[in-house]
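This report describes selected features of the structure shown below. It is written to be read alongside the sequence and the coordinates.

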Amino acid sequence: MSAASHGGDGGERRDFLVITAGAFVGVGAVGLVWPFVDQMNPSADVLALSSTEVDISGIEPGQSVTISWRGKPVFVRRRTEAEIEAAVSVDMDDLPDPQSDLERHKDGKAEWLVVLGICTHLGCVPLGFAGEYDGWFCPCHGSHYDTSGRIRKGPAPANLEVPEYEFLTDTQIKIG
Amino acid sequence: MSFQTDNKLIKWFDDRLPLVSVMHHTFVQHPYPRNLNVAYQFGSILGVMLTLQIVTGIVLAMHYTAHTSLAFDSVEHIMRDVNYGWLLRYMHANGASMFFIAVYLHMFRGLYYGSYKAPREMIWMIGVVILLVMMATGFMGYVLPWGQMSFWGATVITNLFSALPVVGDPIVTWLWGGFAVDNPTLNRFFSLHYLLPFVIFGLVFLHLVALHQKGSTNPLGIEIKGPADYISFHPYFTVKDFFGFAAFGVLFAIFVFWFPNYLGHPDNYIPADPLVTPAHIVPEWYFLPFYAILRSVPDKLLGVLAMFAAIGVLFILPWLDRSRVRSAAFRPQYKWFFWIFALDCIVLGYAGSQPAEGNMLVISRIATIYYFVHFIFLMPVLGWFERPKPLPTSISEAVLAGKASTSAGENA
């Protein structure tokens, strides 16, 4: 407050002090609340649960195994020729969440499908080899997934998620 | 009228802390309309149920362990080893169901007799908040035994928030404290399940302050006009309420002692398994109508919004209803729509308990649409088109004249 703005009763100076003090109290309050909010987010040990390696040599075509990764089920399914054909031949316009089968498996590994076993609707575990498309069927609210794990019918908005994974060898994959 | 005593000690105390006179005012002398019927029992029954849930809950917490590897066994320990543990747990579990039975009847009473209308909007709105907190408490309590239904119920309900765009997934992770429902989730649910009943207790206090500010409604829906219209709470309504406790207590005891698991689900006696979803997930019966609304909408986000809107619409009900007449006894059309609405809620509840496919899906969609039509269309429109029956001039006149002049009011 310079000499130019003195109004006699100090009103402007008082307003400035009230607004500044109020702003700092507000910032301080938010800063104090944040630890109480953030403590509910995943803790360091939960975040540290990283990757899982799976031996897939025992899985026959037409079989699927369920493994646990970060507390979630992951389906590793070895698809038959007919199942792959069914997944490839779908018209993209029929898909609520369009994705080609090629985008859902590793190059040259069309028979191996790896997806999170969590229905994208409300998180139930879908049943394998079930539903109208013989992929997965979620018993909770009736979502049907095809042999590529794509949503075809029902309330789920998206395809089964493909987690980050890689082939270490032809019979070994690492998820995460 | 006000509190009088000759006891010097009580006078000294009450002069410094007016506890005795406030209690006297609330539970002895407060005037209530003389014509309250059986539909007005449930408020006091709810007070008893809340107290019972808190008391049984506190002692159960002395034996329960909130950890994923121990929770299920600790509940079985309560059932088999703890002295009277089976009784305390069955009282608590069935008490939750009784609590919801009473609260739904209490709300239907409010809908029938127009208890939500001016000047009692605050009583009603606080009541809706109590319902929401009760639902959160009941849901988290059901998770604690860590059975299959606990786990998958928790998974489905917390996943509701993932429907929100952008912030959905971070919120769900934040609620879980991880990447799935797990030990951090169980721990925080236990903490909040212990806290929320006391929040409800505080809200009930506000509910009662608002009630005593404007006084109770009554089956005739007209205000108290003179001393002939009301009687004091004690002894007239204390004795009526105690009769209600006894009758409701019989119902409660039948469930606790003969059908303790009837309202539960057998799958919850299977320990939680994060890799296997039970074939048919259903929430507890008191969530079924809302669950049916959720499932009847084919879109995930809209389904979640419809479910929350089903409760949200209750908040604005006092302004949706355009009729100046409170009691359905004098509203010939609304009376019918009230019963159709009650039936609609039962249909929704049944649809929610069945797999969402085929005819049941169609039925639940029709029932969902009707639920909202009732509030958003029928309530405002009826107020304009309905021709209410003439209201009696006072409560005492109507009551003392007998059935001749107020047959509608008595039939209600």
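## Interface between the chains

The model is a predicted one. Chain A gives 25 residues to the contact and chain B gives 24 residues. About 2,200 Å² is buried between chain A and chain B, and carbon and sulfur atoms account for 66% of that area. On the side of chain A, the residues that lose the most area to chain B are M40(A), L122(A) and H141(A), which together make up 29% of what that side buries.

Between chain A and chain B there are 8 residue pairs in polar contact, counting pairs with both residues at pLDDT 80 or more. The number of salt bridges across this interface is 0. Two elements of chain A, α2 (44-48) and β3 (72-78), each give two or more residues to the side that touches chain B.

## Cysteines

Over all chains the count is 1 disulfide. C124(A) and C140(A) form this link, with their sulfur atoms 2.1 Å apart. The angle about the S-S bond is -100 degrees, and the link of C124(A) and C140(A) is left-handed.

C138(A) is buried, with a relative accessibility of 2%. In chain B, C345(B) also counts as buried, at 16% relative accessibility.

## Helix α8 of chain B

Helix α8 of chain B spans residues 168-176, and its buried residues are G168(B), V172(B), L175(B) and W176(B). These residues lie on the same side of α8(B), because they cover an arc of only 95 degrees around the axis. The buried residues of α8(B) pack against α7 (148-159) and α9 (183-214) of chain B.

Both ends of this stretch have a residue with positive phi to note. V166(B) is in the loop between α7 and α8 of chain B, and its phi is about 60 degrees although it is not a glycine. V166(B) counts as exposed, with a relative accessibility of 78%. Just after α8(B), G177(B) takes a positive phi of about 70 degrees.

In chain B, G141(B) lies in helix α6 (residues 121-143). G141(B) is buried at a relative accessible area of 19%, because the limit for a buried residue is under 20%. F189(B) is 48 residues from G141(B) along the chain, and their C-alpha atoms are separated by 7.6 Å.

In chain A, I175(A) is in strand β10 (residues 172-175). The relative accessible area of I175(A) is 0%, and the residue is buried. I175(A) and V54(A) are 121 residues apart in sequence, with a C-alpha to C-alpha distance of 7.8 Å.

## Backbone geometry

Most residues other than glycine have a negative phi, and most peptide bonds are trans. The table lists departures from this pattern.

| Site | Feature | Value |
|---|---|---|
| A118(B) to P119(B) | cis peptide bond | omega about 5 degrees |
| H234(B) to P235(B) | cis peptide bond | omega near 5 degrees |
| F129(A) | positive phi, not glycine | phi near 55 degrees |
| V166(B) | positive phi, not glycine | phi about 60 degrees |

P119(B) is placed in the loop between α5 (85-113) and α6 of chain B. P235(B), by contrast, is found in helix α10 (residues 233-258) of chain B. F129(A) lies in the loop between β5 and β6 of chain A. At 37% relative accessibility, F129(A) is partly exposed, whereas V166(B) is exposed at 78%.

Methods: Residues numbered from 1 in each chain as written. Chains lettered and ligands numbered in written order. Predicted model: local features only at pLDDT ≥ 70, side-chain atom pairs only at ≥ 80, totals over all residues. Heavy atoms only, no water. Helix = DSSP H or I, 4+ residues; strand = E, 2+ residues; numbered from the N terminus. Buried < 20%, exposed > 50% of the residue type's maximum accessible area, 1.4 Å probe, protein only. Arc of directions from axis to C-beta. Contact = heavy atoms within 4.5 Å. Disulfide = S-S within 2.5 Å. Buried area = accessible area lost by both parts, 1.4 Å probe. Salt bridge = Lys/Arg side-chain N within 4 Å of Asp/Glu carboxyl O. Polar contact = N/O pair within 3.5 Å; in protein donor to acceptor, adjacent residues only side chain to side chain.
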